[in-house]
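Hello,

Here is the structure I promised to pass on. My notes follow below it.

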Amino acid sequence: MSRNLNAAWALSWIRGAQAVLAEHRMELIDLDRAIGDGDHGENMDRGFKAVVVKLDAGAPDVAAVLKVVASTLMSTVGGAAGPLYGTAFMRAAKATEGDLDADGVVAVIAGALEGIVARGKATTGEKTMVDAWTPALAAASAAAAAGSSPAETLRAAAIAAQAGAEATIPMQATKGRASYLGERSIGHQDPGATSTAYLLATAAEAAESM
Amino acid sequence: MSHRKAHGAVVALVIVSHSANLAAGVVELAAQMAKDVQMRAAGGTEDGRIGTSFDLVNDAVSELRTAGHDVAILSDLGSATMTVESVLDFLDADEAVHVRFVDGPLVEGAVAAAVTAQVGGDLAEVVAAGRARDLFT
């Protein structure tokens with residue numbers, strides 16, 4: 001549980017994420033149909049399937065895995081998730097050197113959030129994936145500062161991201177396509193925040209089984 | 001205007017839309033008053049779905065840059081703009097000065113940008129025209 005996270009972890013994470021996103025494809029489609037264009041489940045499923053194929057060749061380190069995820073999502077997703085997650089994984093890769101200790105995990109999450117904010121220009125409370133990544137970063141920082149292992153740090157981030165995703169339900173969307181719905185966007189969980197929670201949960205699971 | 005004299009190439013446009021039909025239609029409309037302006041439609045995903053493609057936009061920009069054009073890019077909804085901005089982020093610094101995003105309305109902006117390019121406007125002038133700010137003030 002206290003082991004640093006290496007390329008094998010990153011590969012295991014992304015393969016796990018592909019399986020979970022495929023499993024939850026319809027749920028994400030339904031969430032996005034309610035307040036968006038309905039393509040999020042399909043796009044994430046397609047994107048991560050393409051990523052896993054690209055990663056069949058393996059990768060030398062964590063940063064290399066994250067870079068393959070970034071470029072493949074940019075090219076294959078099609079919807080907003082492509083440039084958003086693409087930029088997130090690209091910045092996360094840049095924040096990574098070698099294996100990850102708990103502070104390294106925090107740096108990866110901070111890089112991802114920074115990329116999403118730079119690309120989407122959203123802030124918290126706008127009913128977007130930022131509402132899952134922001135509490136995830138805060139929880140990971142607190143866990144790492146308290147001496148948690150990399151796996152425990154990721155688990156703290158995943159729990160906070162899930163809570164953050166659920167907290168988007170009463171929000172009114174003010175960014176993205178959902179903002180066109182105004183008050184009618186209230187009462188639905190944001191699909192991007194939901195996929196973020198799945199991504200961080202699978203990252204934690206992969207770390208716990210190292 | 002100085003740009004055209006220096007390089008002999010009119011500023012070119014890339015039209016990015018979630019819909020391939022919409023992008024092609026905007027090119028068709030803008031070309032009516034700009035017969036010498038090179039325009040590329042980069043609409044939809046590579047497999048023909050609604051959405052935008054990093055690779056389609058990047059390929060259109062590369063092709064026009066290789067032909068010697070400065071390039072102005074217009075887009076429709078938010079994630080198309082994010083795709084364009086991602087493409088711009090990946091350009092080298094010396095390339096990036098020749099490629100600009102036009103933050104304007106797609107149809108009006110494309111027509112205004114195309115006409116400005118047709119009469120010899122340089123990249124900055126085409127981008128300013130494509131913002132079509134006077135339509136909304």
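First, a term: a residue is buried if 20 or more other C-beta atoms lie within 10 Å of its own, exposed if 12 or fewer, and partly exposed in between, with C-beta atoms placed from the backbone. This is a predicted model, where local features need pLDDT of at least 70, side-chain atom pairs count only at pLDDT 80 or more, and totals for chains, interfaces and linings use all residues. Residues are numbered from 1 along each chain as its sequence is written, with chains lettered from A and ligands numbered from 1 in the order in which they are written.

Start with strand β1 of chain B, residues 12–17. Helices (H or I, at least four residues) and strands (E, at least two) are DSSP runs, numbered from the N terminus. Six of the six residues in β1(B) are buried. Both faces are covered: B:Ala12, B:Val14 and B:Val16 lie on one side, and B:Leu13, B:Ile15 and B:Ser17 on the other.

β1(B) has two parallel neighbours (strands pair if DSSP finds at least two bridges between them). Five bridges join β1(B) to β3(B), residues 71–75. There, B:Val14 is partnered with B:Ile73. Five bridges also join β1(B) to β2(B), residues 39–43. Here B:Val16 has B:Ala42 as its bridge partner.

Now the contacts between chains (C-beta atoms, placed from the backbone, within 7 Å). On chain A, 15 residues are in contact with 14 residues of chain B. α4 (62–76), α5 (81–94) and α6 (102–120) of chain A each supply at least two residues of that side. α5(A) gives the most, with five residues.

Best wishes

Methods. Contact = placed C-beta atoms within 7 Å.
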